[in-house]
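I opened my notebook to look up a few contacts in this structure. The entries follow in the order I made them.

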Amino acid sequence: MRKRTLAAVGAIVATVGAVAMVTLPAQAGTSRPSPKARELARQVLPAGDGWAATGTGTTGGSAAGDASISVARNRTDLVAALGGDNTTNATNDTPKIIFVSGRIDANVDADNEPLTCADYADPGYSLDAFLAAYDPEVWGWDSKPSGELEDARVRSTKNQAAQVNISVGSNTTIIGLPGSQIRGMNLLVKGVDNVVLRNLTFEDAYDCFPAWNPTDGSAGNWNSKYDTVTVHGSTHVWVDHNDFSDGNNTDDTQPLYFGRPYQVHDGLLDIIKGADLVTVSYNRFFDHDKTMLIGSTNTVGVDVDKLRVTVHHNMFANIGQRTPRVRFGQVDVYNNYYRITDADTYEYSWGVGVYSAIYAENNVVVRSAEVAVEDIVYNWGGTVMTEIGTLVRVGAQPPQTVSLLDAFNTANDPDIGTDAGWTPTLRPGPITPTAQVQRLVSKQAGAGRIRV
Ligand code: CA
Ligand code: CA
């Protein structure tokens, strides 16, 4: 079984959460946003703050008229606020501000009554039958499942997707009120421009019907469909001061089937299919495996010259991989805090994929002694990256200047070149000295931290 030291990370997050924080205020006795919260919701991405500041910048729903400011307390409210019809809301470009209040669960029916995996299952599907039919002893290792049971699984997936995929249109700000959560949802920012997501707590976009692929890797894999947030072919997106995690439905609680983890989660924040000009700042990503995929295919197509993303002042704690994994994009990764303490579930942090150009500056890594420094960079077919100013500390020992790229290159061939071929200019001011990053990110990243 895969082991996780969740208690340790939970304690860190709880401790951090106890640091004096100024939360987004709601008016006493109501869940209506206060005038201050309304002012905060109209904030736009600061000038020069990452790739999303390019050109017209990122303003989200800041131009919303009073009639386009709403509070969503459940899935139905959220769909209504986004335009009224989830199948067409992606085309609603009216400027709008949506406050999230309380816990919004995506796995509900039209009356906001909970739906279980059994409610979504097609009559032709059962997990027991699926496991019997596609056991490698029966089906073999050479091809993906096909046939009646796989078709029934796909129909079941469509039933769940219709509830949990929630589409966001252009010119939208979604902002969380104190204590709010979005659970089990895959927020889809697809084919749109100018979206701001702030102060939100995203948890556990679980898939009831993972797919089995015996040809994925050397031992096959179970793969799932939903990210908590997917930025698909969209531009000018600012993802700021949010929490992303598996909640209490962590991977270590799932069974093994065919000897492989039954993975019910996909990404936390995937940026794919020609998406461009995205700034990801001051978020906490924790207790999850595949975290931030920037580019989902090696195919030379829509991603060329796109997938430009800035990732700064985020915390990544108890994460398996992809923080981020990059293809094609010029991606500025600076002032992030990596906490890597479970060697059993850890895979790598920076995935250097085809045509990628990661520029990593002043990041801090806190690792357990069992996590090797040469394992933090991984080569997925890329050839270059720039790394400056990384500090690594083991436990409570003093931090040391370490080049993770040099460590990778010493341990592996071929080497990854040390010049990404570009220098970031879209930074709002001087970046944080690495020695201050752990403390600053611990205090300021995540939901509930925006200063008003
Ligand atoms: Ca994904
Ligand atoms: Ca080498």
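**Entry: aromatic rings.** I searched the whole structure and got 23 aromatic pairs. Rings of Phe, Tyr and Trp (its six-membered ring) pair if their centres lie within 6.5 Å; planes under 30 degrees apart are stacked, over 60 edge-to-face, and the rest tilted. I picked Tyr125 and Phe209: their centres are 5.3 Å apart and their planes stand at 85°, so this pair is edge-to-face. Tyr125 is in the loop between α4 (117–120) and α5 (127–134), and Phe209 is in the loop between β9 (201–203) and β10 (211–213), so the pair ties together parts 84 residues apart in sequence. Helices (H or I, at least four residues) and strands (E, at least two) are DSSP runs, numbered from the N terminus. I noted that Tyr125 and Phe209 are both buried. Buried means under 20% relative accessible area, exposed over 50%, and partly exposed in between (1.4 Å probe, protein chains only). Ring pairs also link a cluster that includes Tyr125, Phe130, Trp139, Phe209 and Tyr262.

**Entry: ground rules.** I am reading a predicted model: local features need pLDDT of at least 70, side-chain atom pairs count only at pLDDT 80 or more, and totals for chains, interfaces and linings use all residues. Residues are numbered from 1 along each chain as its sequence is written, chains are lettered from A and ligands numbered from 1 in the order in which they are written, and side-chain values use heavy atoms, with hydrogens and water left out.

Entry: Asp227 is buried at 5% relative accessibility. Asp270 is buried too, at 2%.

**Entry: calcium ion (ligand 2).** I read off Asn409 (O), Asn412 (O), Asp413 (OD) and Asp415 (OD) around the calcium ion (ligand 2), at 2.1 to 2.4 Å. Their spacing is N-x2-N-D-x1-D. Is Asp413 buried or exposed? Asp413 is exposed, because its relative accessibility is 69%. Asn412 has 28%, so I wrote down partly exposed.

**Entry: charges over rings.** The charged end of Arg325 sits over the ring of Trp380, 3.8 Å from its centre. Arg427 has its charged end over the ring of Tyr334, 4.5 Å from the centre. The rule asks for NZ of Lys or CZ of Arg within 6 Å of the ring centre and within 35 degrees of the ring normal.

Methods:
Donors = N, O, S within 2.8 Å, 3.2 Å for Na, K, Ca; no water.
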